[in-house]
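Me: I'd like to learn how to read the cavities of a protein. Could you walk me through them?

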Amino acid sequence: MAIERRTFILAATAGMAATAPEIVRGQIEPLIEAQVNSLSFVKQVRAGMLDVGYVDLGPADGEVVVLLHGFPYDIHSYIEVAPALASQGFRVVVPHLRGHGSTRFISASIPRSGQQAAIGQDLVNLLDALGIQKAIFAGYDWGGRAACVAAALWPERCRGLVSVNGYLIQDIAKAGQPAQARVERGFWYQFYFQTERGRAGLAAHRRDIAEIMWRDNSPGWQFDRASFERSAASFDNADYVDVVIHSYRHRLGGAPGYQEFYRLERALAAQPIISVPTVTLDGDRDGVIVATDGTAFASKFSSRRVHHIIEGAGHNLPQEAPASFVDAVLEVRML
């Protein structure tokens, strides 16, 4: 795995080296190190109801791609993907989702919603705050859902979509219908969070819960302690527990949505079609969502769409299979 990752980063850097003849072989390693460390340079911008922490890599005039992380993860899911895309000429924006990292609510009076309409609106608010008219949206888990929501409701802002696990807009009206037992077993945390004991457990043991989920979600991923701790620091956000608990209670019918998102939730209840070019991905070792051929949700996409199953990848696909995720972003640009 380490050899594959190193080879991938070197390949991504090769394009940059080719356009800068003064770069010699002895300077490649420092460049790689600088790219990997670049996710440490977090900026802040006020976007709607949030002060968003985000990383901004690549040329300012490059085609924009927004990379969106899941739960319980953070921007470091893109520690290899982001610099690789920047080296390809993209402007790469990687935000901390609400309740994570340095993203904060601008007022104590704002509800700490985690519902799907909120995270979709956050993406559009971020584009507005950064003066970005249109971008590729790419994500997995919560981030994939935010990308799907924004692509469906604001297609004029979306150049293309990369979504792990396909169409991720929740059909909350059907939340009471059980999945297969082996799938339900993997959702233990969602049921746990419906209870006050679960809220207290998340507050007290957020790192332990996240580590269990990392291992269950990606049984083939041998992540190291440093990688986990780097992301786990984002869970110390003061709003983390409230946002996470509301997200899982709302999606399963255990908590109402907030009034400011009522109109958007009504639109999402109709399970809107996504009309932008799309690449969907499944990892064949995903411990949450079983990989499929993508046909079950094909009717939810009206534009060109391709689907790939990524061998050996689990739920945190961009961190486990960065080259495949980069390829998907490059592919959607060509659709």
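This is a predicted model: local features need pLDDT of at least 70, side-chain atom pairs count only at pLDDT 80 or more; totals for chains, interfaces and linings use all residues.

Me: How do the residues of the lining of the largest cavity divide into nonpolar, polar and charged?

Reply: Residues are numbered from 1 along each chain as its sequence is written, and side-chain values use heavy atoms, with hydrogens and water left out. On a 1 Å grid over the protein atoms alone, a cavity is a set of points where a 1.4 Å probe fits but cannot get out, and lining residues have an atom within 4 Å of a point. Ala, Val, Leu, Ile, Met, Phe, Trp, Tyr, Cys and Pro count as nonpolar, Asp, Glu, Lys and Arg as charged, and the others, Gly among them, as polar. Here the lining has nine nonpolar, one polar and two charged residues; among them are Leu50, His96, Arg98 and Asp122.

Me: Which element gives the largest share of that lining?

Reply: Helices (H or I, at least four residues) and strands (E, at least two) are DSSP runs, numbered from the N terminus. Helix 4 gives the largest share, four residues. Strand 2 (50-57) and helix 4 (116-129) each supply at least two.

Me: What lines the second largest cavity?

Reply: Its lining includes Gly114, Trp142, Arg145 and Ser247. Helix 4, helix 5 (141-153) and helix 11 (240-251) are the elements giving two or more residues to this lining. By class, two residues are nonpolar, five polar and two charged.

Definitions and conventions:
On a 1 Å grid over the protein atoms alone, a cavity is a set of points where a 1.4 Å probe fits but cannot get out, and a pocket is an open set with protein on both sides within 12 Å along at least five of seven lines; lining residues have an atom within 4 Å of a point.
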